Amino acid sequence: MQPTEFGPDGTVWSSTVVRVAVPGRTPPYTLAYLDLDDGPRVLCRVEGCVARVPVGTVLRLSGTTDDGDVAARVAGAAAHETATEVAR
Amino acid sequence: MIAHVLGVGTSMFGKQQDLHPNQLMWSAVEEALDDAGRPQIDAIYVGTVFGAPGVAQRGLHHLGLTGIPIITVENACASGTTAFHEAATAVELGRFEHVLAVGVEKMTDSFAGAISPEPTDPEGRSGLALPSLYAMSASRYQAVHGVTDEDLALVAVKNHRHAVSNERAQHRTPHTVEEVLASRMIADPLTLLQCCPIADGAAAAVLGPAGTPADAPAAPVAVRSSVLRSGGLWDQRSEHVWGYELVRDTALLAYEAASLAATDIDVIECHDAFTIGEIVTTEAIGLAAEGEGASLLRSGHTAIGGPQPVNPSGGLLSRGHPLGATGLAQLAEIVWQLRGRAGGRQVDGARLGMVETMGGGVAGIDGNACVVAILEAPATTS
């Protein structure tokens, strides 16, 4: 095994909003399985929205959350439009 | 030799904080032994997930079950079914003559709410509690197959209706689609009434050759096949939701071993830990094409009175989900159904029954374990 780099962009395979208490976390928060471009499927926290992100949305990895989770945000020019979409 | 289920038993299911796991086991095992005519037990397999070390021996020695091999197994939600599978296989291969399978779980000692996966896995690390793992499947199904919130709710409506006549189930109140959807959101799109409740319980079965003991009070139910598999890799290369391929492949092997097809099965107990689970599973075991599982609910195909009732007991959604006990509770229901002893929830003329249990939680694979077993009614019951 050896380390390899992927990202930062990927496509949402699915997402959910966790609304129940989980140890060490404060609900609600959005999680998504993100298929990184030419890379693996990773579980990440979607920052900046508390709603499911539509399947197929492009997200960009944005570092880690305060809890140390992999974080992602809506990527590029589509950001505003998609953010509006999911907020409805 | 074909293994037969000679007797089954269960405890009550629900939050039973005042009962020790021993007491849960005693109810289930005593009923199963009586049902089987009390043969000499040669070995015991016990399924449990969160049970304390020695949980099996601690309970069983009080019943005089000592000095024989006792093997405790853990396979997540499929632990009880794994104990059954190993017991059936041991009888088939002639390793032991009469084998007791037991499942036990005192969930209220470990959890107040949702189960979290192991914290070193990405899912556990990121706070993806078990309902959220299934919510991911539900979201995906809604986007790809057009499954609606109402379709998901229909699973809960059906299974809660079935449970009204199951006196051992945790929840026996019928609910409407509106009530299911109006209950508290747990992980979008799954609401509280679409999630199985935390429960304490135990269940047991005695396996052995047919016709033993000669004066057994109930007819033996044949194990036509039983298959256990662990999951394959689940990653970006998989087009399917988590668990689909594991259940599909396990069921195919079970049909093949029994020389049967999905259309032959009269009654099914499957792993409806969350509503989406039953929809995905009914597709994976071949009752509907992929993406068409919700049609079974709309048509009544899988309701009692339909051609292939699924979860006549009320399923995990109504019975509750004591992890280690669940598989053997499902088995007990199928045995009662095939003997024509399921009372107000009896599926008329059921001859062939299926048990399917799916256990998961490990990251990177589409399930820790799946067991599919096919059972056949005694020849004397019609």
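**Close-up views of a predicted model**

**View 1. The open sheet of chain B.** In this predicted model, nine strands of chain B make up an open sheet with mixed pairing, ordered S3-S2-S4-S7-S1-S8-S11-S10-S9. Strand S3 (70-73) and strand S9 (267-269) of chain B are the edge strands; each has a single partner strand, so one side of each has no neighbour in the sheet. Direction ignored, neighbouring strands of this sheet are turned by 25 degrees against each other on average.

**View 2. Pairing of S10 and S11 in chain B.** Strands of a sheet pair through backbone hydrogen bonds, in either a parallel or an antiparallel sense. Strand S10 (residues 352-359) and strand S11 (residues 369-376) of chain B are antiparallel and share eight bridges. Opposite Val355(B) stands Ala373(B) of S11(B).

**View 3. Crossing of helices H6 and H9 in chain B.** The axes of H6 (residues 149-163) and H9 (residues 275-284) of chain B come within 8 Å and cross at roughly 95 degrees. Angles of 65 to 115 degrees count as roughly perpendicular, which means that H6(B) is roughly perpendicular to H9(B). H6(B) contributes Leu152(B), Ala153(B), Val155(B) and Ala156(B) to the contact, and H9(B) contributes Thr275(B), Ile276(B), Glu278(B) and Ile279(B). By class, six residues of this contact are nonpolar, one is polar and one is charged.

**View 4. The side of chain A that touches chain B.** Here 24 residues of chain A are in contact with 22 residues of chain B. Strands S1 (9-18), S2 (29-36) and S3 (41-46) of chain A are the elements that each give two or more residues to this side of chain A. S1(A) supplies the largest share, six residues. The residues on this side of chain A comprise 13 nonpolar, four polar and seven charged.

Key
Residues numbered from 1 in each chain as written. Chains lettered and ligands numbered in written order. Predicted model: local features only at pLDDT ≥ 70, side-chain atom pairs only at ≥ 80, totals over all residues. Contact = placed C-beta atoms within 7 Å. Helix = DSSP H or I, 4+ residues; strand = E, 2+ residues; numbered from the N terminus. Nonpolar A, V, L, I, M, F, W, Y, C, P; charged D, E, K, R; others polar. Axes fitted to C-alpha atoms, helices over the stretch in contact; angles between N-to-C directions. Parallel < 35°, antiparallel > 145°, perpendicular 65-115°, else oblique. Pairing = 2+ DSSP bridges.
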